Amino acid sequence: MIRINMFSQADSVKGQGVGSAYNELINLLRKDLTDEFYVTINKYGNSDLTHYHTINPTYYANSFSPARGRKIGYVHFLPDTLEGSIKLPNIAKKVFYNYVIDFYKRMDQIVVVNPVFIDKLVKYGIDRDKVKYIPNFVSKKEFYPESLVKKNAFRNELGIPLDKFVVFGDGQVQERKGVDDFAKLAEANPEIQFIWAGGFSFGKITDGYEHYKNLVENPPKNLKFTGIVDRAKLVDYLNIADLFLLPSFDELFPMSVLEAFSCGTPVLLRDLDLYKAIIDGYYLKGTDFEELNSQLRRIVSDKNILNKYQALSEKASSQYSEEHLAQIWDRFYHKQYEIGKKLGQIH
């Protein structure tokens, strides 16, 4: 049996997609692949494969130990994707960004959740052959279409009329997520109920913190900020939503979109190149506020569009299902084990 140790603090801060992706993988390994892999978390004994999910300095230090076996690094962000998320002094930013790349270069194998990242990592000096694309996934046991009775009960709980059109988005409250456009869309469509689930996972170092704190405290009348919502509750919000809207300016492979797909909720996204490589054809899109607003008005007035993209969401969810990804991770870890044995990394 192959020994895999996970080093991670991904779930130490609520409301981050990194933590959701990490928990999904751990649950998959412990449920579907228990006969193949012996998985430990944050242990310092010998392992065949060590999978680093976060880039803590202590993990960087222990990556030099031969007990780590073959080292696998999960890339959930690059320096340029942190712009608009956190605000650091220029010197601190330069030091931190250099550290991020140094950490990735320490790995024997890199896993990216979006193929667009491969070329970017190569530009940072990482060998293309060491980078593997494996998408995120969502378990149907956690995110699924609920019954109409349960949907109506949750609407009643929130005080939302059963016939009110609901637009839902989630993620950290920050510039990169397009929260300003989300609020602007709410102002332009007062007859629609908008809900945003998420908070300030980076605290006061969130870029534009004071502006967004004021927005959360003084939103348009038809926009509700829920704060950070547990994943177990997100399924309820996604099910009462007529439309999931994420106007982010930059993403990797947002778990929130996969969660919406898994609930059969139609999806509207900002038109980003990185989405085209992974989910093209499954979602509605707009390049800016005007196009997003036009798409929203079109959707509200034409039920057939919603029905079409509900079916496409369900189709997309099967492509990024737990069952499909279990096979991919199984093959990946076995291949890494064989490479590690040949190179003498595993004893």
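## Helices α6 and α7

Let's start with a pair of helices: α6 and α7 cross in a left-handed way. This is a predicted model, and in it the axes of α6 and α7 (residues 209-217) come within 11 Å and cross at roughly 30°. Since angles under 35 degrees count as roughly parallel, α6 is therefore roughly parallel to α7.

Which residues in α6 and α7 meet? From α6 come V179, D180 and A183, and they meet H211, Y212 and L215 in α7. Sorted by class, this contact of α6 with α7 holds four nonpolar residues, one polar and one charged.

## Helices α6 and α11

The axes of α6 (residues 179-188) and α11 (residues 289-301) come within 10 Å, with a crossing of roughly 50°. The two helices are therefore oblique to each other. Here α6 passes α11 in a right-handed crossing, whereas the crossing of α6 and α7 is left-handed.

On the α6 side, D181, K184, L185 and A188 take part, meeting F289, L292, N293 and R297 in α11. The class count for the contact of α6 with α11 is four nonpolar, one polar and three charged residues.

## The parallel sheet

Now to the strands. How many strands form the open sheet, and in what order? There are six, arranged as β9-β8-β7-β10-β11-β12, and their pairing is parallel. The sheet has β9 (223-227) at one edge and β12 (284-286) at the other, each of them pairing on one side only. From one strand to the next, the twist averages 25°.

## A helix across the strands

Where does helix α9 lie? Covering residues 255-262, α9 lies across β7, β10 and β11 (267-270). Its direction runs at about 170° to that of β10.

Key: Residues are numbered from 1 along each chain as its sequence is written. This is a predicted model: local features need pLDDT of at least 70, side-chain atom pairs count only at pLDDT 80 or more; totals for chains, interfaces and linings use all residues. Side-chain values use heavy atoms; hydrogens and water are left out. Two strands pair if DSSP finds at least two bridges between them. Helices (H or I, at least four residues) and strands (E, at least two) are DSSP runs, numbered from the N terminus. Axes are lines fitted to C-alpha atoms, for helices over the stretch in contact, and angles run from 0 to 180 degrees between N-to-C directions. Contact means heavy atoms within 4.5 Å. Angles under 35 degrees count as roughly parallel, over 145 as roughly antiparallel, 65 to 115 as roughly perpendicular and the rest as oblique. A crossing is left-handed if the near helix is turned anticlockwise from the far one by less than a right angle, and right-handed if clockwise. Ala, Val, Leu, Ile, Met, Phe, Trp, Tyr, Cys and Pro count as nonpolar, Asp, Glu, Lys and Arg as charged, and the others, Gly among them, as polar.
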